[in-house]
Amino acid sequence: MPAILSAEHVTKSYPAGGADVVAVRDLSLDVEEGELLCLLGASGCGKSTMLNLFAGFASPTSGRVLLRGAPITGIEPRCGMVFQSYALFPWKTVRQNVEFPLRMRGVPRHERRGMAEFFIDMVQLNGFADHYPAELSGGMQQRVTLARSLAADPEVLLMDEPFAALDAMTRQVMQDELLRIQERSGKTIVFITHNIDEAIVLGHRIVVMSARPGRIRTIIPNALPRPRDIHVQTSPAFAELKNEIWNHVEEEVTQHMAASRLAEPA
Ligand SMILES: Nc1ncnc2c1ncn2[C@@H]1O[C@H](COP(=O)(O)OP(=O)(O)OP(=O)(O)O)[C@@H](O)[C@H]1O
């Protein structure tokens, strides 16, 4: 499959007092069209930094970020970001929230309603179109966010720990939903998580990042069968893959903790 999104030798540092913080160092990665790619790594390893670079919210200190072979030079509307916080308009109903990006895309009013219904149906919120966000649970609000992001029809969906604030059961339901939606839509998704199970349930491939400065420690293809659902978690192949990933992550976390201890004043 061709790469839709690429990072080429990307380094990103932030000014922090005297010394710069190097969040990501010399990272190269291809995201293939139609895949759900999980970026997995410990806190502070540069996952959000990579997503912000893909969205064009920030630019690399060195190296290049490309969408379909062309450098991303500013905020890139073809890469849509879905955050952990729902960022819905509280004064608009579910339908109006989902219609908003359609209006921005110039979809005529008479077509908007039907299209909004389509996306509301896709996230299984039929019957809630006239509700306001405050009348919905966290999981339902995250579904509206997803429907709104899909309505914007970006070429790539960038998801920054979108389910982290949800309770464990709702999170699993949302993972199932996302699998179904991705399989149905074929949308390219880059999904950030620090939850190994979530990465295995969702990802076609799992990119394990090293502790800061973020680099790619390894990329693991996920051969678990598709169409997939959360029941895959009970299979021996899942446990094996989890063990393999954990070995990588454990080493990174251990090294990171040792480095932090050394940096502490005596
Ligand atoms: N705007 C900024 N200014 C200074 N330092 C920053 C900035 N953004 C991120 N950093 C630093 O860069 C490093 C990577 O941050 P980033 O948010 O990308 O990591 P992350 O893997 O997404 O972490 P988490 O899982 O905790 O969200 C961290 O050490 C962070 O403190």
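This is a predicted model: local features need pLDDT of at least 70, side-chain atom pairs count only at pLDDT 80 or more; totals for chains, interfaces and linings use all residues.
Trainee: Which element supplies the largest share of the shell around the ligand?
Mentor: The ligand is surrounded by 14 residues, and the closest are Y14, A23, S43, S48 and T49. By class, this shell consists of 5 nonpolar, 7 polar and 2 charged residues. At least two residues of the shell come from β2 (21-32), and at least two from α1 (47-55). The largest share, 3 residues, is supplied by α1.

Trainee: Is α1 mostly covered or mostly open, and how many of its residues are buried?
Mentor: The buried residues of α1 are K47, T49, M50, L51, L53, F54 and A55, and T49 is also among the residues closest to the ligand. Just after the helix, G56 takes a positive phi of about 80°. Taken as a whole, α1 is mostly covered, the number of its 9 residues that are buried being 7.

Trainee: How are α4 and α5 oriented to each other?
Mentor: The axes of helix α4 (residues 138-151) and helix α5 (residues 168-185) come within 10 Å of each other and cross at roughly 20°. The handedness of this crossing, in which α4 passes α5, is right-handed. Because angles under 35 degrees count as roughly parallel, α4 and α5 are to be described as roughly parallel to each other.

Trainee: How is α3 oriented to α4?
Mentor: Helix α3 (residues 109-122) packs against α4 at an angle of about 135°, and their axes are 9 Å apart. That angle makes α3 oblique to α4. As for handedness, the crossing of α3 and α4 is right-handed, so the term for the orientation of α3 to α4 remains oblique.

Trainee: Is H9 buried or exposed?
Mentor: H9 is found in strand β1 (residues 3-14), and although this residue is not a glycine, its phi is positive, at about 45°. Most residues other than glycine have a negative phi. A residue counts as exposed if 12 or fewer other C-beta atoms lie within 10 Å of its own, and with 12 such atoms H9 is exposed.

Trainee: What phi does E161 have?
Mentor: E161 is placed in the loop between β7 (156-160) and α5. With 18 other C-beta atoms within 10 Å, E161 is partly exposed. Its phi is a positive value in a residue other than glycine, near 45°.

Trainee: Which residues does a cis peptide bond join, and what is its omega?
Mentor: Most peptide bonds are trans. The place to look is the loop between β10 (216-221) and α7 (236-263), where P227 lies. There the cis peptide bond joins R226 and P227, with an omega of about -5°.

Trainee: What separates the C-alpha atoms of E33 and R228?
Mentor: E33 is located in the loop between β2 and β3 (36-40). This residue counts as partly exposed, because it has 15 C-beta neighbours inside 10 Å. Along the chain E33 and R228 are 195 residues apart, whereas the separation of their C-alpha atoms is 19 Å.

Technical notes. Residues are numbered from 1 along each chain as its sequence is written. A residue is near a molecule or strand if its C-beta atom, placed from the backbone, lies within 6 Å of it. Helices (H or I, at least four residues) and strands (E, at least two) are DSSP runs, numbered from the N terminus. Ala, Val, Leu, Ile, Met, Phe, Trp, Tyr, Cys and Pro count as nonpolar, Asp, Glu, Lys and Arg as charged, and the others, Gly among them, as polar. A residue is buried if 20 or more other C-beta atoms lie within 10 Å of its own, exposed if 12 or fewer, and partly exposed in between; C-beta atoms are placed from the backbone. Axes are lines fitted to C-alpha atoms, for helices over the stretch in contact, and angles run from 0 to 180 degrees between N-to-C directions. Angles under 35 degrees count as roughly parallel, over 145 as roughly antiparallel, 65 to 115 as roughly perpendicular and the rest as oblique. A crossing is left-handed if the near helix is turned anticlockwise from the far one by less than a right angle, and right-handed if clockwise.
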